Amino acid sequence: ALYPHMTVKENMEFPLKIRKMPQDEIDRRVAQAAKTLDLEKLLDRKPKALSGGQRQRVAMGRAIVRDPKVLLLDEPLSNLDAKLRGQMRVEISRLHERLGATMIYVTHDQTEAMTLGDRIVVMSDGEVQQIDTPQYLYDHPANKFVAGFIGSPQMNFLDGTVTEKNGKVAVHVGDTDIAIDPAKGKVLKDGGYMGKEVTIGVRPEDLYDTPEHLELYKDSKAKAKVAVRENLGAEIYLYTDFNGAQLTARVDPESKTQVGDEVELSFNPARIHVFDNETGKAIE
């Protein structure tokens, strides 16, 4: 929302002129902000002569010339294309380092939240679900909503019954028993979950189709049919059908699995999350 009849310099000066700040101080602050945001060559242009990313930087410059203690950013990258969003994420990170000011950043894009945030507040319907560092949210989601929101592609969820197989606690899904980590198995036993319905969650990157992993996690594997194969160069996404549920696996680019194949996938038992079916909360 820049003033179309003003140049970049005039747009950035405007909030300071309203405060009746001396012109030499205005010039100093605008020059500093323009240098920080790489706008020095654009100061005489009007907004219509700028790209979307440049306009976004001018709007940020207009905010930071006031030297605020806190910057509020409400989805600042939502109207930019994918490439510009990536560039602006880097710009905002650098800006945060230079300014040392607190930034409260609202976004629906979990990639922005994970890459920019020191701490993330995950909200749903106006209620706080969890507050923590990006990595802790990823590794230890408090409930099913947070687990599904953080991570791309999102976590796989499967409904099953807690049982025991070969002396190990497992979750029976369809006709398959998936053994889980012994420590988490003990929590389920002690919590009275044996024989009860739960939801397990596993991220696509914690599913494997390699022979070594199938042997390593032989008590935690399932057969599924490949419906879609996406080759992204550095990795392959397999979208499979498992007991009527979609199971997405992020596998090695060397994988030879093709659409229509029946594939055996092993679950990393230490990375299986278990959620209470009634509350949706993680059973930790």
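These legends describe close-up views of a predicted model. Local features need pLDDT of at least 70 and side-chain atom pairs count only at pLDDT 80 or more, while totals for chains, interfaces and linings use all residues. Residues are numbered from 1 along each chain as its sequence is written, and side-chain values use heavy atoms, with hydrogens and water left out.

View 1. Helix α1 spans residues 8–18. Helices here are DSSP runs of H or I with at least four residues, strands are runs of E with at least two, and both are numbered from the N terminus. The buried residues of α1 are V8, N11, M12, E13, P15 and L16. Buried means under 20% relative accessible area, exposed means over 50%, and partly exposed lies in between (1.4 Å probe, protein chains only). These buried residues pack against α2 (23–36) and α3. After α1 comes K20, with a positive phi near 55°.

**View 2. I64 in helix α3.** Helix α3 covers residues 52–64 and contains I64. I64 has a relative accessible area of 9%, so the residue is buried. Not counting residues up to four places away in sequence, I64 touches A33, L37, L71, L95 and L99. Contact means heavy atoms within 4.5 Å. V30 is 34 residues from I64 along the chain, and their C-alpha atoms are separated by 9.2 Å.

**View 3. A nonpolar patch on the surface.** V121, M123, V128 and I131 form this patch, with about 350 Å² of accessible area together. Patches are made of residues with over 30% relative accessible area and no salt bridge; nonpolar side chains (Val, Leu, Ile, Met, Phe, Trp, Tyr) are joined within 5 Å, like charges within 9 Å. A salt bridge is a side-chain nitrogen of Lys or Arg within 4 Å of a carboxyl oxygen of Asp or Glu. Accessible areas come from the Shrake-Rupley method with a 1.4 Å probe, and for residues only the protein chains shown count as cover. Strands β3 (120–124) and β4 (127–132) each give two or more residues to the patch. V128 lies in β4. V128 counts as partly exposed because its relative accessibility is 47%.

**View 4. Strand β5 and its partners.** β5 (residues 156–165) runs antiparallel to β8 (residues 197–202), joined by 6 bridges. Two strands pair if DSSP finds at least two bridges between them. G160 stands opposite V198 in β8. β5 also pairs with β6 (residues 168–173), in the antiparallel sense over 5 bridges. Here T163 has A170 as its bridge partner. The hairpin of β5 and β6 has 2 residues between the strands, and N166 takes a positive phi near 50°.

**View 5. The largest nonpolar core.** This core has 28 residues, and L188, I200 and F267 have the most contacts inside it. A nonpolar core is a set of buried Ala, Val, Leu, Ile, Met, Phe, Trp, Tyr and Cys residues joined through side-chain atoms within 4.5 Å. Elements giving two or more residues include β5, β6, β8 and β13 (262–267). Leaving aside neighbours within four places in sequence, I200 is in contact with residues including F157, V171, I178 and V274. A second, separate core of 27 residues includes L2, L80, L84 and I92.

**View 6. An open sheet of 5 strands.** The order is β9-β13-β10-β11-β12, with antiparallel pairing. β9 (207–208) and β12 are the edge strands, each pairing on one side only. β10 and β11 pair over 6 bridges.
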